[in-house]
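Subject: Structure handover

Dear colleague,

Here is the structure I promised to pass on. Please open it alongside this email; my notes follow.

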Amino acid sequence: FDIYLINNGQRMDKAIAVLKDELSGVRTGRATPALLQRIVVDYYGTPVPIQQLASFSVPEPRTLMVTPYDPNAISSMEKAIMASDLGITPGNDGTVIRLSFPPLTEERRKELSKLVHHRGEEGRVAVRNIRRHSKEELEKLEREGTISEDDLVRAERELQKLTDKHVADVDTASQALVDQEHANASARAQLDADTSAGPDYRHEYAAERADSTCAMCAWGTAFA
């Protein structure tokens with residue numbers, strides 16, 4: 001049954017990958033190229049993922065710059081961004097598209113928590129559906145005499161362990177995004193307080209900017 005369990009584990013891995021992909025596109029108050037990974041541009045009549053048409057940089061924690069390889073594609077890229085659910089209006093200087101992400105309001109944070117919870121529940125359901133279908137297949141094999149009752153019990157036990165592990169992975173991925181935004185909110189509040197008090201707060205800004213730079217490195221592998 002090892003191969004059987006490996007196959008089902010791979011199916012559950014794919015469900016987790018889908019969840020992480022969806023979570024990487026959830027907009028928080030921080031700029032990251034991962035937010036654009038679902039955007040497809042009409043490039044001279046051919047749909048092309050935006051990451052194939054431009055390079056990306058994060059000069060400031062809440063600013064994302066998109067530099068098209070073909071300046072003539074700026075208009076099409078802006079249309080694709082505006083047509084997405086990103087909720088950001090792009091601006092450009094003829095060579096670079098600039099996206100400015102406003103800080104999250106308390107209302108938006110609550111919406112974010114609800115959205116992440118919903119995405120997480122979808123991930124858990126996907127994993128459990130794989131378990132349910134696998135259990136039905138095993139029971140059918142046992143009825144047909146292909147496997148023994150003891151084999152069925154052992155396989156179901158291992159299948160449950162596999163399911164529990166992947167459900168925990170779902171919870172970890174979902175909570176990571178919520179924790180990240182809470183940390184960002186606390187950092188912004190502290191930065192505002194430090195700014196009002198007047199001391200040198202450049203080191204906090206540098207740290208936040210460094211985090212944004214690291215977010216660029218996570219393009220395509222967010223929450224991996």
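In which helix does asparagine 129 lie? Asparagine 129 lies in helix H3.

Some ground rules. This is a predicted model: local features need pLDDT of at least 70, side-chain atom pairs count only at pLDDT 80 or more, and totals for chains, interfaces and linings use all residues. Residues are numbered from 1 along each chain as its sequence is written, and side-chain values use heavy atoms, with hydrogens and water left out.

Helix H3

H3 covers residues 106-143. Helices (H or I, at least four residues) and strands (E, at least two) are DSSP runs, numbered from the N terminus. With 38 residues at 1.5 Å a residue, H3 should span 56 Å. The expected span is 1.5 Å times one less than the number of residues. The end C-alpha atoms of H3 are 55 Å apart, which agrees. Glycine 145 follows H3 and has a positive phi, near 85 degrees.

For accessibility, buried means under 20% relative accessible area, exposed over 50%, and partly exposed in between (1.4 Å probe, protein chains only). The buried residues of H3 include Leu112, Val116, Gly120, Gly123, Val127, Ile130 and Leu138. Arg109 and Ser134 are also among them. Asparagine 129 is partly exposed, at 29%. Its C-alpha atom is 9.8 Å from that of threonine 163, 34 residues apart along the chain.

Salt bridges

The structure holds seven salt bridges. Each is a side-chain nitrogen of Lys or Arg within 4 Å of a carboxyl oxygen of Asp or Glu. Three of the pairs are as follows.

- Arginine 124 and glutamate 121: the closest N and O atoms are 3.2 Å apart. The two residues are three apart in H3, so about one helical turn separates them. Arginine 124 is buried at 12%; glutamate 121 is partly exposed at 33%.
- Arginine 132 and glutamate 136: the closest N and O atoms are 3.7 Å apart. They are four residues apart in H3, so again about one helical turn. Arginine 132 is partly exposed at 39%, and glutamate 136 is partly exposed at 40%.
- Glutamate 139 and lysine 135: N to O is 2.5 Å. They are four residues apart in H3, about one helical turn. Glutamate 139 is partly exposed at 25%, as is lysine 135 at 36%.

A network of salt bridges links Glu121, Arg124 and Asp171.

Strands and hairpins

Two strands pair if DSSP finds at least two bridges between them. Strands E1 (residues 40-43) and E2 (residues 46-49) run antiparallel, joined by four bridges. Valine 40 has proline 49 in E2 as its bridge partner. Their hairpin has two residues between the strands, and tyrosine 44 takes a positive phi there, near 50 degrees.

E3 (residues 54-60) and E4 (residues 63-68) pair in the antiparallel sense over five bridges. Alanine 54 stands opposite proline 68 in E4. A hairpin of two residues joins E3 to E4.

Aromatic rings

A search of the whole structure gives one aromatic pair. The rings of tyrosine 43 and tyrosine 44 have centres 4.7 Å apart and planes at 65 degrees, so the pair is edge-to-face. Rings of Phe, Tyr and Trp (its six-membered ring) pair if their centres lie within 6.5 Å; planes under 30 degrees apart count as stacked, over 60 as edge-to-face and the rest as tilted. Tyrosine 43 is partly exposed at 25%, whereas tyrosine 44 is exposed at 61%.

Best wishes
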